[in-house]
Amino acid sequence: MAGKFGILVPILVVVASIIVAFAIRLDFLSNSWLFGSLIAGPLQRPSREAYDFVIIGAGAAGSLLAARLADDPSTTVLIIEAGATDKHPLVDVPLSAIFLLESERDWRLQTEPQGKACLSSFCTQDQKHTGKRGCCKLTIGKMLGGSGSLNVAVWVRGHAKDFDDWEGAGAQGWNSTSVLPFFKRSESSIEFGGSALRGSDGPLRISSHPASHPITQGFLDACHENGLPSRHDFNGETQEGCSAAQSSIYRGSR
C-alpha cells in the first residue's frame, strides 16, 4: 500500500500543477482570495494631466526607455500599454511561456495564408477557424515587457553586418560600431561581461545555458563533427557557429 501511495503522490502533484497552470492561463483564479493578489489586472491610470514624455507601448524597448528617462527624478513619464501587467505567476518562469501562448497576454497575430508554409496551422478570423490553412502564428506579448515577458528569453544580438547594411541603405548612426555601446549598456553578462564587446553593469542579466546535459553535449559534438566551428560567445566578435544558448534568465526567472 505504501509503495502504491508513493507512486500516486508525484502523479497527483503533476496533474494538479497542470490544472493550476491552465486555470491561471485562462485567468480563472484572478478573483480568488488565494491567487488574486498574484495576478494583476488592468494597469494604473494616469495620475497627472501633463507629462514630460509619453511612450506608446510598454514592450522591451518602451519599458527600457521609460526606465532610463525616469532615472531623472525631475522628469515625469507616462507609458501607455494596451495589455495587462506582467505580475503573473507564469511570466516569471520562461518554461511556462507555453501556457501563455494564445492567451489574453498574447496579441495572437497571424500572417496571410502562405501557400507552402505553416500548412499545419489553421487561419482564424475573430478567433474562429476559417477552414483555411497556412497562416503562420505570430506570438507577440500583450503586457508589460511585451514579447520579453512571453518568449523563452534566448539572448541573441542582431548581426553586425545587418546594422552596417542599414547604415549603407541610409540609416545614419545605425552601424554596428555605433549601436555596440547601447548593447553593452543594456546587459550584465555574468560570464562574458567586462570585455570589449560585452556589458557588465546593465539591467538585463545574461547567463549561458550549461552544456552539461548529454543531449546538449551530443548536439554540440555533432555540429563539430560536421564542420561547424564552436563559438564560446556567439554574441561576441563572430556569431556563426554552434554554442549553448545565452538567455536573459537569472536564478531561474526572467
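Is Trp166 buried, partly exposed or exposed? At 45% relative accessibility, Trp166 counts as partly exposed (buried is under 20% relative accessible area, exposed over 50%, partly exposed in between, with a 1.4 Å probe and protein chains only).

Before going on, some ground rules. This is a predicted model, where local features need pLDDT of at least 70, side-chain atom pairs count only at pLDDT 80 or more, and totals for chains, interfaces and linings use all residues. Residues are numbered from 1 along each chain as its sequence is written, and side-chain values use heavy atoms, with hydrogens and water left out.

**Stop 1: the aromatic cluster**

Helices here are DSSP runs of H or I with at least four residues, strands are runs of E with at least two, and both are numbered from the N terminus. Phe163 is buried, at 9% relative accessible area.

Rings of Phe, Tyr and Trp (its six-membered ring) pair if their centres lie within 6.5 Å; planes under 30 degrees apart count as stacked, over 60 as edge-to-face and the rest as tilted. The pair links distant parts of the chain, with Phe163 in helix H5 and Phe183 in helix H6 (residues 176–186), 20 residues apart. Phe183 itself is partly exposed, at 22% relative accessibility. Select Trp174 as well, and you have the cluster that ring pairs make of Phe163, Trp166, Trp174 and Phe183.

**Stop 2: charges over rings**

Pick Lys142 and Trp107: the charged end of Lys142 sits over the Trp107 ring, 4.5 Å from its centre. The test is NZ of Lys or CZ of Arg within 6 Å of the ring centre and within 35 degrees of the ring normal. Then try Arg205, whose charged end sits over the ring of Tyr250, 4.2 Å from its centre.

**Stop 3: the nonpolar core**

Select Leu90, Val91, Phe99, Leu100, Met143 and Leu150, the six residues of the largest nonpolar core. Such a core is a set of buried Ala, Val, Leu, Ile, Met, Phe, Trp, Tyr and Cys residues joined through side-chain atoms within 4.5 Å. Helix H3 (89–92) and helix H4 (97–100) each supply at least two residues of it.

**Stop 4: hairpin and sheet**

Go to strands S4 (residues 122–125) and S5 (residues 128–133), which run antiparallel and are joined by three bridges. Strands pair if DSSP finds at least two bridges between them. Gln125 has Lys128 in S5 as its bridge partner. S4 and S5 form a hairpin with two residues between them, and Asp126 in the turn has a positive phi of about 55°.

Next, colour the open sheet, three strands in the order S7-S8-S9 with mixed pairing. S7 (187–189) and S9 (246–247) stand at the edges with a single partner strand each, so one side of each is left without a neighbour in the sheet. Two bridges join S8 (residues 204–208) to S9, and these two run antiparallel.

**Stop 5: helix H7**

Finish on Phe219, which is found in helix H7 and is exposed, with a relative accessible area of 56%. After H7 comes Gly227, with a positive phi near 90°.
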